[in-house]
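Hi everyone, thanks for coming.

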Amino acid sequence: MTMPISHPRPTPPGLRGWLLAPEPKGTLHALLQQFYQGWLKFREHPLGVVGLVVILILIVTAAAAPLLTQYDPVAQNMAIRLAPPSWEHLLGTDNFGRDVFSRIIYGARTTLDIIILVTIIVAPIGLLIGTCSGYFGGIVDEVLMRITDIFLSFPGLVLALGFAAALGPGITNAIIAISLTAWPPIARLARAETLSLRQMDYIAAVRLQGASSGAIILRHILPMCIPSVIVRVTLNMAGIILTAAGLGFLGLGAQPPWPEWGAMAATGREFMLDSPWVIAAPGLAIAAVSLAFNLVGDALRDVLDPRGGE
Amino acid sequence: MIDVENLTIRFGPRSPLVVKGVSFSVERGKSFGLVGESGCGKSTVLRAISGLNRNYGGRISLDGKPLEPERSKAFFRDVQMVFQDPYGSLHPRKTVRSQLIEPLRNQNLPIKENAVADVLKAVGLDPSLGYRFPHQLSGGQRQRVAIARALILDPPVLLLDEPTSALDVSVQAEILNLLADLQKERGLTYLLVSHDMAVIAHLCSRVAIMNGGEIVEETGIDQIRSGHVQHPYSQRLLSASRAYGKQEMRPAEIMSSA
């Protein structure tokens, strides 16, 4: 048997070749190449890919909800109350005769709403407070970090409960309550990153160009903090989903009849022994999505780790 | 071009002086070397001149005009710095091109279409490298990019903080030749900090030898080459640097030959 002689691999043609070309031709090209390199690394984590598939299913489900089910998630039909799973009602019906499957499908929208809104509230606040605190130091750092400490000193769920109760029940208030509890760890993380970044020569070089502090933070420090913040937010997402479900379970989240997985689990609790599908379906949905975010977060940590590879 | 008078620096209000009254002048279009062992305060002097460290005593003037510790934005168009470690001085998540445009943006200067290509060519790099990230470049290429970033504002003065010590020997020579060529073409004034006598001798015409936060001797490069230095520390430093890498000189002999 002869050993195959290894030739230098020719650049593959087509899109892959373009993505792997050694000389990027433009800024967009360079960014897409970076992204593709990241994807190649991400692909090496099978569990991460599973998690990503689950999240994609969640997104598709939320987007295409009306196409996936013929039933109105809030339409009641007392005649078929607590019907077991069948071909007509894939996951059975609940105590008001509503189709559980379509409530899960529409509940995905609520969950996705919460995820997106919490992320776009929490990440910028945490990043801004953390990077300012770390970059300016001194009194600015003291004030911002003591405020962060106050928020951190309460357990997240208890604080969210307090805020949700004070603001009144409802999905918007639940999102605000969750966001108020979710930003401090992000701020802490961004501050720690900034503390080490501001010593770097490339930040000194920008200071020697006469850049303002704002420009340095926004254009040079923030982009370096974003990868670890993405990882942190993804890993925290499981907790956020569970907190949202917990608020829903306690009646402080989405209000009936609007489908929300936590609230659905709460109603299902009463009929758990006779009609387990009413609680099992939302419970499994919550578990699957939380797990998926954790798996993706773990894989992203390896991909985006600034110490890995580069 | 640069005049430093009685420069004192301490880190923290009650800590001892790190730089104890250093004075020297750099002529326009010439290279001035600051040499000394690690920790003698030479880089600290450079950071004070650059404006990175504002807590200093004494006077620093540029072109005859005394400078405020808080440097003006215009100052940075006159004085730029090249750092020691090209692995730490380039932003890891920005393309070469965007790092080179950044100085122009920060100084609110117009960004000409071929500014980046021109400056890359000036430092001997192919303009097609513009869209690479720093981790896709070699150490020597990175240092060239760092030099290009300093040059894009067209400053008359460059502060060089051990610009070759993080590179391997063959690349060191390339970078030193590049710096020498750039100086000839553009009439730049260099203030070079190094612990390496050979590097200093290659570029500089005048040299100040620092020890323990003080300049012990300022002399011409010919005196360094011929070994005619006065101060005992300068003699020790010179003989140690000559003996470096030679088998027959043992540390004890270096000490006794001084």
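A bit of housekeeping. This is a predicted model, so local features need pLDDT of at least 70 and side-chain atom pairs count only at pLDDT 80 or more, while totals for chains, interfaces and linings use all residues. Residues are numbered from 1 along each chain as its sequence is written, chains are lettered from A and ligands numbered from 1 in the order in which they are written, and side-chain values use heavy atoms, leaving out hydrogens and water.

Okay, chain B. What does its secondary structure come to? There are 10 helices and 10 strands. Helices here are DSSP runs of H or I with at least four residues, strands are runs of E with at least two, and both are numbered from the N terminus.

Now for its overall form. The C-alpha trace of chain B spans about 60 × 45 × 35 Å along its principal axes.

How much of chain B is buried? Buried residues make up 51% of the 258. Buried means under 20% relative accessible area, exposed means over 50%, and partly exposed is in between, using a 1.4 Å probe and protein chains only.

Next, contacts, meaning heavy atoms within 4.5 Å. Take the contacts in chain B between residues at least 6 apart in sequence: 66% of them join residues at least 24 apart.

The domain assignment, which is automatic or from a database, gives domain 1 as 2-226 and domain 2 as 229-258. Where they touch, domain 1 of chain B puts in 14 residues and domain 2 of chain B puts in nine. Taken over C-alpha atoms, the centres of these two domains are 28 Å apart.

Zooming in, helix H1 of chain B, residues 42-50, is mostly covered, with seven of its nine residues buried. Among them are B:Val45, B:Leu46 and B:Ile49. Just after H1(B) comes B:Gly51, with a positive phi of about 100°.

For a contrast, look at B:Val169 in helix H6 of chain B, residues 169-186. Is B:Val169 buried or exposed? B:Val169 is exposed, because its relative accessible area is 65%. From B:Val169 to B:Leu125 is 44 residues in sequence and 19 Å in space, C-alpha to C-alpha.

Last stop, chain A. A:Ala281 sits in helix H12, residues 277-304, and counts as buried at 13% relative accessibility. Leaving aside neighbours within four places in sequence, A:Ala281 is in contact with A:Leu91, A:Val100 and A:Ile104. A:Val100 is 181 residues away from A:Ala281 along the chain, yet their C-alpha atoms are separated by 7.6 Å.

Let's follow one of those partners. A:Ile104 belongs to helix H5 of chain A, residues 100-136, and is buried too, at 14% relative accessibility. Not counting residues up to four places away in sequence, what does A:Ile104 touch? Its contacts include A:Leu91, A:Trp261, A:Met264 and, back where we began in this chain, A:Ala281.
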